[in-house]
Amino acid sequence: MAKTVNNFPLPISISPTRFYVSGACIYDEPYTTYLIESYEAGHQIASHTWSHPHLSSLSDDQITSELSQINDAVHTILGVMPAFQRPPYGEYSTDVQDITGGMGQSLVTWDFDSGDSDGDSASQSNGLYDGIVKQHPPNLLTLNHETYESTVTQVLPHALELLTQAGYDLVTVAECLEMDPYLSIDSPGTRDDSWKC
C-alpha cells in the first residue's frame, strides 16, 4: 500500500517547488520545454495522472493505466520515474493506494489549499496565505496551480516572501521527507513524431 503524505511530523517546512504533471498534451511544445526547464531548475517532478480523473471511480486497470501513462511520459521526456503521485481532487481509495504502492510511489495530498482551482482571486488566495501563516502550523504542504497566471505572478511571490519571513524552510516533498524524488534516473527518450497529442 502506498504511503500517503500529509500533515507529516517534521520541522517547519513548505513544499512549493514540486510540480505534479498530467498527460493531455505533455508531449507537445511548449509543454515538454516547460517540463524540462522546471526539472533542470531543480524542481521535483511528480505524477498527477494522465487525464485528471476521479481515481476512486475507476477500475483497477483504469487506475493502472492513468498512472502508467503519465509515469511513462515523464520518463520519456526527462529520463526520471517519479516517486510521488498526487491524486486529482485529493481523492483516493484503498485500491488507489495499493496500485500506487505497487508501482513504488507514495501518494501526496495537501493540508492548505490556496483556492485558485475553485476560482478564488489572487487577493483571496493571498488572504488565505496570510491567515495560515498567522496560525503558524509546524508544517505546510500547499496546493497551488501554475496553470493560473495570477497564481504564478501574484500569489506565489506573496506566499514565498511571507513564508520565508515566517521562518519556513522552502523544500521539495522529497527533501522534507528525506526520500528520493525519483524511483530511477536514466536518459530521456529521443524526440520523434510519437511525441504528440
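**Helix packing and cores**

Reply: This is a predicted model, and its chain holds 6 helices and 12 strands. Of the 197 residues, 43% are buried. Among contacts with a separation of 6 or more, 77% join residues 24 or more positions apart. The accessible surface is about 9600 Å², and carbon and sulfur atoms account for 51% of that area.

Start with the pair H2 and H3. Two packed helices are described by the angle between their axes and the distance between the axes. For H2 and H3 the angle is about 45° and the axes are 10 Å apart. H2 is therefore oblique to H3. Their crossing is right-handed. On the H2 side, the residues that meet H3 are Asp60, Ile63, Thr64 and Leu67. Their partners in H3 are Asp95, Val96, Ile99 and Thr100. H3 spans residues 94-102, and its buried residues include Val96, Ile99 and Thr100. Gln97 is buried in H3 as well. Just after H3, glycine 104 has a positive phi of about 85°.

Now the core. The largest nonpolar core has 14 residues. Val21, Ile26, Leu35, Ile45, Val74 and Leu78 have the most contacts inside this core. Strand E3 (18-21) and helix H2 (60-78) each supply at least two of its residues. H2 gives the largest share, 5 residues. In soluble globular proteins, nonpolar side chains tend to be buried together.

Beyond its neighbours within four places in sequence, isoleucine 45 is in contact with Phe19, Val21, Leu35, Ser38, Tyr39, Val74, Leu78, Pro82 and Tyr182. A second, separate core has 11 residues, among them Phe112, Ala122, Val133 and Leu162.

H4 covers residues 122-135 and H5 covers residues 149-165. Their axes come within 9 Å and cross at roughly 15°. H4 and H5 are therefore roughly parallel to each other, as an angle under 35 degrees counts as such. Their crossing is right-handed. H4 brings Ala122, Ser125, Asn126, Tyr129, Asp130 and Val133 to the contact. H5 answers with Ser150, Gln154, Val155, His158, Ala159, Leu162 and Leu163. Ala122, Val133 and Leu162 also belong to the second core.

The loops deserve a look too. Most residues other than glycine have a negative phi, and most peptide bonds are trans. The bond from glutamate 29 to proline 30 is cis, with omega near 10°. Proline 30 sits in the loop between E3 and helix H1 (31-40). Tyrosine 89 is not a glycine, yet has a positive phi of about 65°. Tyrosine 89 lies between strand E6 (84-85) and H3, in the loop. Its relative accessible area is 43%, so tyrosine 89 is partly exposed. Glutamate 178, also not a glycine, has a positive phi of about 55°. The loop between helix H6 (173-177) and E12 holds glutamate 178. Glutamate 178 is exposed, with a relative accessible area of 76%.

Finally, the tail. Threonine 190 follows strand E12 (182-185), in the segment after that strand. Threonine 190 is exposed, at 67% relative accessible area. The C-alpha atoms of threonine 190 and isoleucine 77 are separated by 8.2 Å, although the two residues are 113 residues apart along the chain.

Conventions
Residues are numbered from 1 along each chain as its sequence is written. This is a predicted model: local features need pLDDT of at least 70, side-chain atom pairs count only at pLDDT 80 or more; totals for chains, interfaces and linings use all residues. Side-chain values use heavy atoms; hydrogens and water are left out. Helices (H or I, at least four residues) and strands (E, at least two) are DSSP runs, numbered from the N terminus. Buried means under 20% relative accessible area, exposed over 50%, partly exposed in between (1.4 Å probe, protein chains only). Contact means heavy atoms within 4.5 Å. Accessible areas come from the Shrake-Rupley method with a 1.4 Å probe; for residues, only the protein chains shown count as cover. A nonpolar core is a set of buried Ala, Val, Leu, Ile, Met, Phe, Trp, Tyr and Cys residues joined through side-chain atoms within 4.5 Å. Axes are lines fitted to C-alpha atoms, for helices over the stretch in contact, and angles run from 0 to 180 degrees between N-to-C directions. Angles under 35 degrees count as roughly parallel, over 145 as roughly antiparallel, 65 to 115 as roughly perpendicular and the rest as oblique. A crossing is left-handed if the near helix is turned anticlockwise from the far one by less than a right angle, and right-handed if clockwise.
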